Amino acid sequence: MGYQNVKFPENTKFLVTGGAGFIGSNLCEAILRLGYKVRCLDDLSTGKQENVDMFLDNPNYEFIKGDIKDLDTCMKACEGVDYVLNQAAWGSVPRSIEMPLFYCANNIMGTLNMMEAARQNGVKKFVYASSSSVYGDEPKLPKKEGVEGNLLSPYALTKRCDEEWAKQYTMHYGLPTIGMRYFNVFGRRQDPNGAYAAVIPKFLKLLLAGERPTINGDGQQSRDFTYIENVIEANLKACLAPKEADGQAYNIAFGGREYLNDIYMGLTSALNVDIEPIYGPDRAGDIKHSNADISKARELLGYDPEWSFQRGIEAAIEWYKENL
Ligand code: NAD
């Protein structure tokens with residue numbers, strides 16, 4: 001279980017794009033903790049300088065401020081790299097509906113540039129962030145790879161395109177690719193600020209400040225909230241996955257199902273506050289329920305998540321209490 005026993009040769013070098021963001025900075029931290037080298041490429045568009053500064057005194061860490069929309073930057077970033085963990089993208093379903101052209105350029109062309117640069121530099125595995133949003137309006141639960149519905153947002157479309165391009169890069173250009181369909185990741189350093197923040201850090205921040213959070217819809221929606229440590233495990237194991245796993249995408253979740261109202265109540269009780277939420281309208285592009293069948297990742301990647309929602313949320317609450 002977990003990733004503590006995942007071993008790479010000494011001096012293995014990773015490139016984490018989007019390494020100044022939530023998931024990327026946690027990947028950088030884990031790689032450094034395991035004793036390997038990591039280069040972070042980030043344009044700091046939604047990421048934070050502080051997520052870079054915290055590693056700068058480690059000789060195994062290197063930062064390039066740059067944009068994956070620029071192929072030359074991607075080429076330089078891939079020099080001497082064994083594995084790429086491509087996280088750079090803009091998230092948020094509602095923002096993607098407002099900015100379709102930017103999402104196409106950033107999330108599709110950016111990732112395509114990274115695949116091309118990885119291929120030309122002989123990278124051993126190109127592991128990239130996809131999303132559970134590729135399931136679109138498919139109602140069948142749990143979500144299973146191969147049973148996808150109609151896409152509900154430009155964001156979901158960008159991730160579906162990345163998956164299709166990755167298949168092509170494995171099929172025609174010999175680049176081993178593995179897609180990570182993340183399901184609602186949460187944990188330390190997830191940004192609680194702004195209109196597009198994810199629910200858990202947003203609720204925690206407001207509740208800790210004594211303010212009333214807004215729940216979009218009736219709060220009866222459910223999600224497979226996935227603690228960051230499970231995502232780190234999936235990425236590292238994907239790097240070492242056998243050839244038959246290449247050219248495919250995998251559900252990366254815990255395999256549980258949490259209702260928003262229950263999470264809200266759990267947070268208020270853990271923080272010992274008595275604050276009623278405000279119920280707002282449903283958000284465009286959102287689905288009611290989402291939880292994952294993770295058997296494919298278990299089988300082909302050896303993914304065996306050890307952080308349940310409960311264990312993860314307790315760790316996250318502690319972190320936000322100390323760091324907000
Ligand atoms: P984040 O916004 O915290 O991190 C993304 C990082 O990418 C930021 O640091 C940003 O500055 C950087 N970036 C964006 N565009 C870039 C560009 N053109 N060039 C260089 N850097 C760029 O988001 P996150 O939650 O850490 O998400 C990481 C990845 O996982 C994204 O691809 C996202 O779509 C995907 N994902 C996340 C979740 C989740 O629950 N957090 C769920 C599904 C998929």
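Predicted model: local features only at pLDDT ≥ 70, side-chain atom pairs only at ≥ 80, totals over all residues.
Contact here means heavy atoms within 4.5 Å.

I shall begin with Phe14. Leaving aside residues up to four places away in sequence, Phe14 touches Phe8, Ile31, Tyr36, Lys37, Val38, Arg39, Val81, Tyr83, Leu85, Leu236 and Cys239. The largest nonpolar core has 68 residues, and Phe14 is one of those that touch the most other members, together with Ile178, Met180, Ile252 and Leu301. There is also a second, separate core of 21 residues, with Leu41, Ala118, Ala166 and Leu175 among them.

Let us turn to helix H3, residues 71–78. Which residues of this helix are buried? They are Thr73, Cys74, Ala77 and Cys78. Viewed down the axis of H3, these buried residues fall within an arc of 130°, and therefore they line one face of the helix. Asp72 and Lys76, on the other side of H3, are exposed. After H3 comes Gly80, which has a positive phi, near 70°.

Finally, I come to strand S11, residues 248–252. Four of its five residues are buried, so the strand is largely enclosed by the rest of the structure. S11 pairs with strand S6, residues 177–182, in the parallel sense, over five bridges. Within this pairing, Asn251 of S11 is the bridge partner of Arg181.

Thank you for your attention.

Key. Residues numbered from 1 in each chain as written. Heavy atoms only, no water. Buried < 20%, exposed > 50% of the residue type's maximum accessible area, 1.4 Å probe, protein only. Helix = DSSP H or I, 4+ residues; strand = E, 2+ residues; numbered from the N terminus. Pairing = 2+ DSSP bridges. Arc of directions from axis to C-beta. Core = buried A, V, L, I, M, F, W, Y, C linked by side-chain atoms within 4.5 Å.
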